[in-house]
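Subject: Structure for you to look through

Dear colleague,

Please find the structure below, followed by notes on what was found in it.

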Amino acid sequence: METKTHIALVTVPVYSHLRSILEFTKRLVHLNQNIHVTCINPTFGSSICNNVKSLFESLPSNINYMFLPPINLEDLPKDIHPALKVEATLHRSIPSIYDVLNTLHSSSKLVAVISDGLINEVLRLTKKLDILAYSYFPSTTMLLSLCLHSSNLDKTISSANKDLLEPLEIPGCIPINSTDLPDPMLDRSSEGYKIFLEANDRFYLADGIMINSFLALEETTIRALQEKEDEGIPSIYPIGPFVQNVSCDNGSDLEYLQFLDKQEKKSVLYVSFGSGGTLFSEQIIELAFGLELSGQNFLWVLRPPNKHGVIDDLDSGEYEDEILYNFLPNGFLERTKGKGLVVPYWAPQIEILGHSSIGGFLTHCGWNSTLESVVNGIPIIAWPLFAEQKMNAVLLSDGLKVAIRPKVNENGIVEREEIAKVVKNLMVGEEGKEIHQRMEKLKGNAIDALKENGSSTMTLTHLALKLESLGSH
Ligand code: UDP
């Protein structure tokens with residue numbers, strides 16, 4: 001069939017964001033073969049890592065992609081937080097994104113631009129071209145709701161957020177303690193908070209916001225936003241969960257598979273902190289002792305400690321395995337041999353979570369990891385690190401009740417005894433059994449949402465039809 005409808009997609013150079021938005025785009029063009037997408041990717045650093053490359057290589061022919069010339073960040077301090085590197089890259093990429101959009105629009109009439117929520121400056125550019133501007137939001141509706149209400153909250157709350165005594169009430173959301181708010185909200189006098197508010201205001205420019213969530217997961221929050229569409233809240237499209245079906249990892253690392261194959265069903269706790277998350281030294285030691293004390297089987301993706309709690313995901317592999325293992329307590333690997341496996345840096349998470357031996361996931365609550373746990377029905381230990389992860393942990397533990405959240409002591413450490421307690425509770429305790437039942441139900445809801453007549457598929461099909469009709473005018 002002749003291709004009529006051309007859409008541009010603007011991504012951000014963050015592995016988890018790319019993975020999510022590309023899955024969404026694949027589904028969009030699969031549901032409506034009359035849509036053609038050009039994907040524009042800002043970049044930084046000297047090369048594009050293999051994990052990212054393989055995401056693009058898996059795209060079908062109706063999604064073209066281009067990488068913008070890498071942004072030079074040499075003027076930034078060497079040990080700057082990786083999030084600030086991304087922020088600078090996005091900001092500095094705006095002029096070239098505009099040039100590309102302009103060229104594409106003049107040569108092949110774009111009907112819409114969809115941009116990752118992290119680069120919502122693109123919404124403004126798209127409005128200049130007078131075409132539809134959509135945002136793809138790869139996180140929770142709860143976070144989106146906070147973003148959309150943040151300017152109002154700013155006007156109505158007088159104290160600095162971190163001093164709020166009462167939990168924050170956002171329409172349709174469970175209350176959030178101030179300590180669980182996203183990092184930029186913790187200090188209202190900071191530059192980061194100002195930038196956060198400005199970025200959130202830009203969401204109001206969107207003609208619609210697609211969220212990687214589904215009705216049964218966040219119904220009250222989604223409905224509360226949809227009820228306010230007449231009052232200026234953009235249209236909200238819950239169209240997830242988008243989770244990669246097949247991992248793009250190259251399968252060379254089979255040690256994990258041999259290990260999992262030997263374990264009993266649902267007996268292994270998978271421990272991983274996302275594409276770049278890591279712990280500080282002392283916490284790595286506590287986690288190791290906690291896992292050992294719990295007596296449960298585990299598969300742990302280990303990264304070197306980092307003061308920011310995150311290593312630059314495009315820069316992984318800085319230590320040889322043997323040096324990396326030195327961050328573990330003496331004798332840990334020998335004592336846990338057969339019961340536990342430590343995998344350096346990276347593991348094929350999708351395959352692991354789908355393995356029948358996995359019975360629990362200790363996760364930093366990144367939204368992709370969370371959804372991957374949900375679609376596999378795996379109960380969670382919620383161990384948030386940064387960004388909006390503490391809010392995700394609140395949703396999982398207090399809201400959906402599918403996670404246990406360990407207590408952090410007054411020095412910011414989760415102690416080994418606490419770790420052992422929550423691991424045992426989840427893997428073999430009564431609480432774990434109840435959580436497992438609730439997770440199984442959510443898994444069923446996720447599968448239903450993506451069926452032919454499921455809520456997410458119907459929403460995306462309607463949206464795709466709307467876009468297609470614009471292309472044929
Ligand atoms: N991931 C993986 N192997 C790893 C670590 C992470 O495949 O060893 C994938 C994981 O499956 C998920 C993504 O990386 O799709 C991490 O995304 P998430 O939103 O959970 O966290 P973030 O990386 O944004 O902190």
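**Helix pairs, ligand and backbone**

The crossing of α5 and α14 is right-handed, where a crossing is right-handed if the near helix is turned clockwise from the far one by less than a right angle, and left-handed if anticlockwise. Before going further, please note that this is a predicted model, in which local features need pLDDT of at least 70 and side-chain atom pairs count only at pLDDT 80 or more, while totals for chains, interfaces and linings use all residues. Residues are numbered from 1 along each chain as its sequence is written, and side-chain values use heavy atoms, with hydrogens and water left out.

Helices (H or I, at least four residues) and strands (E, at least two) are DSSP runs, numbered from the N terminus. The axes of helix α5 (residues 141-156) and helix α14 (residues 389-399) come within 9 Å and cross at roughly 125 degrees, the axes being lines fitted to C-alpha atoms, for helices over the stretch in contact, with angles from 0 to 180 degrees between N-to-C directions. That makes α5 oblique to α14, because angles under 35 degrees count as roughly parallel, over 145 as roughly antiparallel, 65 to 115 as roughly perpendicular and the rest as oblique. In this pair, Met142, Leu143 and Leu146 of α5 meet Met391, Val394 and Leu395 of α14, contact meaning heavy atoms within 4.5 Å. By class, this contact of α5 with α14 has six nonpolar, no polar and no charged residues (Ala, Val, Leu, Ile, Met, Phe, Trp, Tyr, Cys and Pro count as nonpolar, Asp, Glu, Lys and Arg as charged, and the others, Gly among them, as polar).

Helix α5 also packs with helix α6 (residues 191-202), at an angle of about 120 degrees and with their axes 8 Å apart. That makes α5 oblique to α6, and α5 passes α6 in a left-handed crossing. Here Cys147, Ser150, Ser151 and Asp154 in α5 meet Tyr193, Phe196, Leu197, Asn200 and Asp201 in α6, and the residues of this contact divide into four nonpolar, three polar and two charged.

How are α1 and α2 arranged relative to each other? They are roughly parallel, since the axes of α1 (residues 15-31) and α2 (residues 50-57) cross at roughly 10 degrees and come within 10 Å. Tyr15, Leu18, Arg19 and Leu22 in α1 meet Asn51, Val52, Leu55 and Phe56 in α2.

Turning to the ligand, Ser16, Ser275, Ala347, Ser369 and Glu372 come nearest of the 16 residues around it, a residue being near if one of its heavy atoms lies within 4 Å. An N or O atom in the side chain of Glu372 is 2.6 Å from an oxygen atom of the ligand, and for the side chain of Arg19 the corresponding distance is 3.3 Å.

Finally, there are two backbone details. Most residues other than glycine have a negative phi, and most peptide bonds are trans. Cys365, in the loop between β11 (358-363) and α13 (367-375), is not a glycine and yet has a positive phi of about 70 degrees. The peptide bond from Gly240 to Pro241 is cis, with omega near 0 degrees, and Pro241 is found in the loop between β7 (235-238) and α8 (255-262).

Definitions and conventions
Polar contact = N/O pair within 3.5 Å; in protein donor to acceptor, adjacent residues only side chain to side chain.
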